[in-house]
Amino acid sequence: QVQLVESGGGLVQPGGSLRLSCEASGFTMDDYAIGWFRQAPGKEREGVACISRSSDGRTYNARSVQGRFTVSRDNAKNTVWLEMNSLTPEDTAVYYCAADNIHGCSLVPERYTEAWGQGTPVTVTL
């Protein structure tokens, strides 16, 4: 069964860092573009960062996280990571990863149809 599982979320102070993981099962992740998305209470889901197929090696970040977040792959572990630095309360949300075999990658949630994880919550507060 195709499945994605996020982990690594939690409580962190402003200015702190967290590293989220997205682990795939049932398929080989390096053949898929992986997107990271987040949804805060009462708000729509928004794209955060994405990484293209391993053969492409491209990454993109939303303007709101540019320079603070980094997405990367570990193909041996069938895992994609999201390193989050300089966190602010505005980063508080449930973070999701998603997979699709599109070319390149996209920050538009609707482009990802193959698989979605259940999300991992991130809370940034004093």
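Asp-91 and Arg-68 are joined by a salt bridge in which the closest N and O atoms are 2.8 Å apart, a salt bridge being a side-chain nitrogen of Lys or Arg within 4 Å of a carboxyl oxygen of Asp or Glu. This pair connects distant parts of the chain, 23 residues apart: Asp-91 belongs to the loop between strand 8 and strand 9, and Arg-68 to the loop between strand 6 (59-61) and strand 7 (69-74). Helices (H or I, at least four residues) and strands (E, at least two) are DSSP runs, numbered from the N terminus. The model is a predicted one, in which local features need pLDDT of at least 70 and side-chain atom pairs count only at pLDDT 80 or more, while totals for chains, interfaces and linings use all residues. Residues are numbered from 1 along each chain as its sequence is written, and side-chain values use heavy atoms, with hydrogens and water left out.

Asp-91 counts as buried because its relative accessibility is 1%; buried means under 20% relative accessible area, exposed over 50%, and partly exposed in between (1.4 Å probe, protein chains only). Arg-68, at 17% relative accessibility, likewise counts as buried. Asp-91 also meets the side chain of Arg-38 in a salt bridge, with an N to O distance of 2.8 Å. Here the two residues are 53 residues apart, Arg-38 being placed in strand 4 (residues 33-39) and Asp-91 in the loop between strand 8 and strand 9 (93-100). Both Asp-91 and Arg-38 are buried. A network of salt bridges links Arg-38, Glu-46, Arg-68 and Asp-91. The structure holds four salt bridges. One of them is formed by Asp-56 and Arg-58, whose closest N and O atoms are 3.5 Å apart. Asp-56 is partly exposed, with 34% relative accessibility, and Arg-58 is partly exposed with a relative accessible area of 36%.

An open sheet is formed by four strands in the order 1-3-8-7, with antiparallel pairing; two strands pair if DSSP finds at least two bridges between them. Strand 1 (3-7) and strand 7 stand at the edges and have a single partner strand each, so one side of each is left without a neighbour in the sheet. On average, neighbouring strands of this sheet are turned by 20° against each other, direction ignored; axes are lines fitted to C-alpha atoms, for helices over the stretch in contact, and angles run from 0 to 180 degrees between N-to-C directions. Strand 1 and strand 3 (residues 18-25) run antiparallel and are joined by five bridges. Within strand 3, Ala-24 stands opposite Leu-4, and Glu-23 is the bridge partner of Val-5.

Met-84 is in contact (heavy atoms within 4.5 Å) with Gly-16, Ser-17, Leu-18, Leu-20, Arg-68, Phe-69, Tyr-95 and Val-122, leaving aside neighbours within four places in sequence.

Thr-79 lies in strand 8 (residues 79-84) and counts as buried because its relative accessibility is 6%. A polar atom of the Thr-79 side chain lies 2.8 Å from the backbone oxygen of Lys-77. Not counting residues up to four places away in sequence, Thr-79 touches Ser-21, Cys-22, Glu-23, Met-29, Ser-72, Arg-73 and Asp-74.

The loop between strand 7 and strand 8 contains Ala-76, which is exposed at 79% relative accessibility. Between Ala-76 and Asp-30, 46 residues apart in sequence, the C-alpha to C-alpha separation is 9.4 Å. Asn-78 lies in the loop between strand 7 and strand 8; this residue is buried, with a relative accessible area of 17%, and its phi is near 55°, a positive value in a residue other than glycine. Ser-86, in the loop between strand 8 and strand 9, has a positive phi of about 50° although it is not a glycine. Ser-86 is partly exposed, with a relative accessible area of 41%.

Notes
A polar contact is a pair of N or O atoms within 3.5 Å; within protein, one must be able to donate a hydrogen and the other to accept it, and residues adjacent in sequence count only if both atoms are side-chain atoms.
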